Amino acid sequence: MRARLSFLIPFATLAVGCAAGPRAPARAPGSVGDVPLMAADGRPIVLRDALAQRPTLVSFWAPWCEPCVRELPALERLSRAVTPCGAAVVGVAVGEKPAPTAAFARARGLDYAQLTDEPFALVDALGQRRIPATVVFDAAGRVAFTGNALDARAQAALARALGDAARRCTWP
């Protein structure tokens, strides 16, 4: 039986998402705000500054991950819907460098912020194991939701984090 399970596990993993990369020890909860990332223009930024004290849906992705690339247009639509309401969508390309990530996003017409986590620091701190992955942060920078690909539960979590302001949004 053990041999059969080890044969099935890789196929089950592929059905769920793409592998995200090496793992390091997770940070203590609440300490992810100081995780260093890179902006698309190559300047360093920490997560706390990217969140900018607003509810934010963070999508972890990579350009080689087909499920990730398929959800990029939906993330763009969501970003356009929630930005006027005081929320944000931020993409974090894991294991990637800023310049190619910026070019990839530009070629697909993505206007929402794109950051890179080349050393897997943020995904490790959050304990993420697969991409695509979605994490919603509230305005205080606390994790309000974690999930896989963008779905209704992630959007509902962002709406809850927005509170009354969510009623002003036209959700895609």
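This is a predicted model: local features need pLDDT of at least 70, side-chain atom pairs count only at pLDDT 80 or more; totals for chains, interfaces and linings use all residues.
Colleague: Happy with that! What should I keep in mind about the numbers?

Modeller: Local features need pLDDT of at least 70 and side-chain atom pairs count only at pLDDT 80 or more, while totals for chains, interfaces and linings use all residues. Residues are numbered from 1 along each chain as its sequence is written, and side-chain values use heavy atoms, with hydrogens and water left out.

Colleague: In what order do the strands of the sheet come?

Modeller: Strands of a sheet pair through backbone hydrogen bonds, either parallel or antiparallel. Two strands count as paired if DSSP finds at least two bridges between them. Here seven strands make an open sheet of mixed pairing, in the order β3-β2-β6-β5-β4-β8-β9. Strands β3 (44-46) and β9 (143-147) each have a single partner strand, so one side of each lacks a neighbour in the sheet.

Colleague: Which way do β2 and β6 run, parallel or antiparallel?

Modeller: They run antiparallel, joined by two bridges; A39 has L115 in β6 as its bridge partner. By contrast, β5 and β6 pair in the parallel sense over five bridges, and G91 stands opposite Q114 in β6.

Colleague: Which aromatic pair does the structure hold?

Modeller: Rings of Phe, Tyr and Trp (its six-membered ring) pair if their centres lie within 6.5 Å; planes under 30 degrees apart are stacked, over 60 edge-to-face, and the rest tilted. A search of the whole structure finds one pair: W61 and F104, tilted, 5.5 Å centre to centre with 35 degrees between the planes. W61 is in strand β4 (residues 56-61) and F104 in helix α4 (residues 98-107), 43 residues apart.

Colleague: Are those two residues buried or exposed?

Modeller: Buried means under 20% relative accessible area, exposed over 50%, and partly exposed in between (1.4 Å probe, protein chains only). Both W61 and F104 are buried.

How values were computed:
Helices (H or I, at least four residues) and strands (E, at least two) are DSSP runs, numbered from the N terminus.
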